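Here is a note for a colleague opening this structure for the first time. Please read the points with the model on screen.

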Amino acid sequence: MFQTLHETVEYIKRKNDNFQPEIGIILGTGLGGLVNEIDVEFSMMYSNIPNFPISTLEFHSGKLIFGTLKGKRVVAMQGRLHYYEGYSMQQITFPVRVMKALGIQYLFVSNAAGSLNSDFKKGDLMVISDHINLQPESPLRGINDADLGPRFPDMSQPYHKGLIGKAIQIAAHEGISCHQGVYVSVTGPNLETKAEYRYLRIIGGDAVGMSTVPEVIVANHMSIPVFAISVLTDEGFPEVLFPVSLEEILATARMAEPKMTKILSQLIAQL
Ligand code: HPA
């Protein structure tokens, strides 16, 4: 892992004039709008970066974007990797390792998720305060590289408390409805049955999605403070469950996105 990481990081540094990002950003499905706020200095196709996994179509269009956002140097992943696409957990989280080696001190993550909490409506935002990992394995399975982090990393506070507080304040100030809650990660790509949505609510979830947790585990492994936020794109309420399509999920994500972009950019400005 160390050698692979070294090769990728050296390649990126050489290509981007040693640009040192302070903040890493991973943008979720239909939530790429924050990229428009970045003064882009440099971008790289994933497919041109050594050791970045390639196979699916979506990935070929993925880009690593370097630039400034509210005066902060950032690196943003436009297009994320999902376990359901067939990547291993190590592949999904490799970009987080790379961003850390490039110098990031914070990681910001967004995603689209289904609401499990009947008080949290479609189109609302939810700051992730904790998670339950129901994906089949941890990205830390296998030999541990002690240079990257400990064998048994603590997960008592995986999402940075101070950033959560600030985000809630920003939302209130902007009049944006923004909840806090527990995100459950599943493999997908199918959505859940009524019985599964009921189960996920019973075990303590407020929202369910197919991403984020692997990246957050790896960020915690390397002691990077994390902030993560979900756009609730559909309602997984078993008593009144309607069929939902990807188009509807994307349309809701697009509609709610400006609210999320406002919170993220102000939060980054305040760092
Ligand atoms: N379930 C799982 N993942 C999701 C959902 C959902 O209802 N909505 C958006 N991503």
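1. A polar contact here is a pair of N or O atoms within 3.5 Å. The model is predicted. In it, a nitrogen atom of the ligand is 2.6 Å from an N or O atom in the side chain of E192.

2. Y197 places one 2.7 Å from a ligand oxygen atom. D234 places one 2.6 Å from a ligand nitrogen atom.

3. Which residues are found around the ligand? They include A112, A113 and G114. L191, E192 and Y197 also belong to this group.

4. Next, the largest pocket. Its volume is about 470 Å³. It is lined by 23 residues, and those closest to its centre are T29, Y84, M210, L246 and I249.

5. What kinds of residue make up the lining of the largest pocket? By class, 12 are nonpolar, 7 are polar and 4 are charged. Strand 5 (106-115), strand 8 (207-209), strand 9 (226-235) and helix 7 (246-269) supply at least two lining residues each. Strand 5 gives the most, with 4 residues.

6. S115 is found in strand 5. S115 counts as buried, at 0% relative accessibility. Its side chain reaches the backbone oxygen of F120 at 2.7 Å. Leaving out residues up to four places away in sequence, S115 touches F120, D206, A207, L232, D234, E235, G236 and F237. One of these, D234, also has a polar side-chain atom 2.6 Å from a ligand nitrogen.

7. Is helix 6 (residues 213-221) mostly covered or mostly open? Mostly covered: 9 of its 9 residues are buried. They run V213, P214, E215, V216, I217, V218, A219, N220 and H221. The elements that cover them include strand 1 (23-27), helix 3 (89-102) and strand 5. Strand 6 (125-133), strand 7 (178-185) and strand 9 are also among them.

8. Look at the loops on either side of helix 6. Most residues other than glycine have a negative phi. T212 has a positive phi, near 70°. T212 is found in the loop between strand 8 and helix 6. After helix 6 comes S223, with a positive phi near 60°. S223 is found in the loop between helix 6 and strand 9.

9. Are T212 and S223 buried or exposed? T212 is buried, with a relative accessible area of 0%. S223 is exposed, at 63%. The cut-offs explain the labels: buried means under 20%, and exposed means over 50%.

10. Check the peptide bond between G188 and P189. It is cis, with omega about 0°. Most peptide bonds are trans. P189 has its place in the loop between strand 7 and helix 5 (194-202).

11. H82 lies in the loop between strand 4 (72-78) and helix 3. H82 counts as buried, at 5% relative accessibility. Neighbours within four places in sequence aside, H82 is in contact with T29, Y87, I92, M210 and S211. Of these, T29 and M210 are also among the residues closest to the centre of the largest pocket.

12. K70 is found in the loop between strand 3 (63-69) and strand 4. K70 counts as partly exposed, at 47% relative accessibility. K70 and Q266 are 196 residues apart in sequence, and 8.0 Å apart in space, C-alpha to C-alpha. K70 touches S265 and A269, not counting residues up to four places away in sequence.

13. Last, G162. Its place is in helix 4 (residues 161-174). G162 counts as partly exposed, at 36% relative accessibility. G162 and F2 are 160 residues apart in sequence and 32 Å apart in space, C-alpha to C-alpha.

Terms used. Residues are numbered from 1 along each chain as its sequence is written. This is a predicted model: local features need pLDDT of at least 70, side-chain atom pairs count only at pLDDT 80 or more; totals for chains, interfaces and linings use all residues. Side-chain values use heavy atoms; hydrogens and water are left out. On a 1 Å grid over the protein atoms alone, a cavity is a set of points where a 1.4 Å probe fits but cannot get out, and a pocket is an open set with protein on both sides within 12 Å along at least five of seven lines; lining residues have an atom within 4 Å of a point. Grid points are joined across faces, edges and corners, and a volume is the space filled by probe spheres set on the points. Ala, Val, Leu, Ile, Met, Phe, Trp, Tyr, Cys and Pro count as nonpolar, Asp, Glu, Lys and Arg as charged, and the others, Gly among them, as polar. Buried means under 20% relative accessible area, exposed over 50%, partly exposed in between (1.4 Å probe, protein chains only). Contact means heavy atoms within 4.5 Å. A residue is near a molecule or strand if one of its heavy atoms lies within 4 Å of it. A polar contact is a pair of N or O atoms within 3.5 Å; within protein, one must be able to donate a hydrogen and the other to accept it, and residues adjacent in sequence count only if both atoms are side-chain atoms.
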